[in-house]
Amino acid sequence: MTKRLYNFNPGPAALPLEVLEEAQEQFVDYQGTGISLLEMSHRSHTVEELNQETQLLLLKLLGLPSGYEVLFMGGGASTQFALLPLNFLNTNQTANYALTGSFSEKAYKEAAYLGLTHVAASSKDQQWRSIPELSAAQLAPDSAYIHITMNNTIEGSRYNEIPEVGSTPLVADLTSEILSRKLDLERFSMIYAGAQKNLGPAGVTVAIIREDWLEKASKKIPEIMRYETFAKNKSLFNTPPVHAIYMMNLVLKWVVNKGGVEQLEQLNRIKSGLIYDVIDHSGGFYNGIIEVNDRSHMNITWRMANEGIERRFIEESEANGFEGLAGHRSVGGLRASAYNAVPFEACQALADFMVDFARRNG
Ligand SMILES: *Cc1c(COP(=O)(O)O)cnc(C)c1O
């Protein structure tokens with residue numbers, strides 16, 4: 001086998017090697033059934049069981065009790081940007097958005113096509129360098145919900161704490177940090193996440209909705225757009241992305257084997273800490289983009305003196321086995337995405353490389 005790279009891709013992102021190997025082993029003949037899972041009916045007992053097991057395991061790992069619907073959908077997190085207001089933004093009510101980066105802005109724009117919106121907080125005029133204050137007092141009267149992006153993948157920031165928004169339903173995009181730290185998810189009426197950062201491959205998107213809030217969803221939209229349709233049919237209304245759900249199932253079992261979310265949170269703090277330490281002790285050679293208190297533990301972003309040296313850093317990193325360190329095309333700079341599946345050794349190797357590069361070029 002060729003040597004695996006140190007994969008810091010922002011998404012689709014690194015998957016645990018054990019998961020890839022297990023899937024490979026089952027690829028042609030799934031669990032002795034004589035056919036591949038890719039060829040199997042989604043109405044089969046095997047797929048029904050896989051589907052249900054995966055939903056229950058996800059709820060358990062997230063620390064959610066009963067009273068929630070777990071939906072496996074298509075279309076990525078971006079489709080949730082539109083489905084959320086379609087389902088929950090009624091005429092005369094206002095949807096609140098906290099703008100903390102470009103994904104939150106995209107979510108807000110989709111809602112603005114569909115109804116009344118209000119920007120409850122924004123750090124746009126600080127180039128997203130920090131997470132703005134957010135409290136119940138900043139919300140519009142007669143609010144349908146308040147949407148936040150818990151971890152900002154492109155910018156490299158995150159909410160340290162879930163904001164206090166009173167009784168207004170709180171909805172969060174957790175795409176780039178689900179299962180990476182312990183959060184009291186019962187505070188949310190809905191969370192959602194595209195799989196391809198912390199849950200598995202692209203193709204499946206998770207939406208988890210409190211049953212009592214789901215009852216309030218619109219019945220005046222096409223059935224296929226309704227969360228209720230997916231809930232009633234256990235996400236088997238139409239053909240789900242079965243293989244992506246299987247891969248997520250393997251990732252969830254891997255999380256259990258690693259000791260669950262609490263263990264991963266500790267490890268993620270250490271992993272990101274290795275890289276932030278190099279940035280903070282580089283004498284200005286590397287400059288962190290985000291205010292220290294709002295730094296993400298998943299997406300670590302920094303800049304260097306000029307684009308020339310940044311380009312050289314990327315080229316040399318690639319020659320040394322690192323993948324995916326260029327910042328998002330919209331912001332430039334550098335970004336290391338150290339999701340759950342990125343091993344400690346990869347972060348240690350990157351920290352060492354950064355120290356060495358600074359010594360040679362500083
Ligand atoms: C990647 C990402 C998205 C977009 O996900 P798609 O599945 O490509 O639609 C949305 N929000 C956040 C926070 C992301 O990290």
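Analyst: Six bridges join strand E2 to strand E10 (residues 205–210), and the two run antiparallel; strands here are DSSP runs of E with at least two residues, helices are runs of H or I with at least four, and both are numbered from the N terminus, while two strands pair if DSSP finds at least two bridges between them. This is a predicted model, in which local features need pLDDT of at least 70 and side-chain atom pairs count only at pLDDT 80 or more, although totals for chains, interfaces and linings use all residues. Residues are numbered from 1 along each chain as its sequence is written, and side-chain values use heavy atoms, with hydrogens and water left out.

Strand E2 (residues 68–73) is mostly covered, with six of its six residues buried, where buried means under 20% relative accessible area, exposed over 50% and partly exposed in between (1.4 Å probe, protein chains only). The cover extends to both faces of E2: Tyr68, Val70 and Phe72 are buried on one side, and Glu69, Leu71 and Met73 on the other.

Another set of strands forms an open sheet of three, in the order E11-E12-E14 and with antiparallel pairing. Its edges are E11 (287–288) and E14 (334–337), each of which pairs on one side only. Strand E12 (residues 299–303) is joined to E14 by four bridges in the antiparallel sense, and tryptophan 302 has leucine 334 as its bridge partner in E14. Helix H8 (residues 260–280) packs on this sheet and touches E11, E12 and E14, its direction making about 10° with that of E12; contact means heavy atoms within 4.5 Å, and the angle, on a scale from 0 to 180 degrees, is taken between N-to-C directions of lines fitted to C-alpha atoms, for helices over the stretch in contact.

Arginine 295 is buried, because its relative accessible area is 9%, whereas aspartate 280, at 43%, is partly exposed.

The count of salt bridges comes to twelve. One of them joins arginine 359 to aspartate 356, at 2.3 Å from N to O. These two side chains belong to helix H10 (residues 344–361), where they are three residues apart and therefore separated by about one helical turn. Arginine 359 is exposed, with a relative accessible area of 61%, and aspartate 356 counts as partly exposed because its value is 28%. Both belong to a salt-bridge network that links Glu316, Asp356, Arg359 and Arg360. A further salt bridge brings together the side chains of glutamate 228 and lysine 219, at 3.8 Å from N to O; lysine 219, with 46% relative accessibility, is partly exposed.

Conventions
A salt bridge is a side-chain nitrogen of Lys or Arg within 4 Å of a carboxyl oxygen of Asp or Glu.
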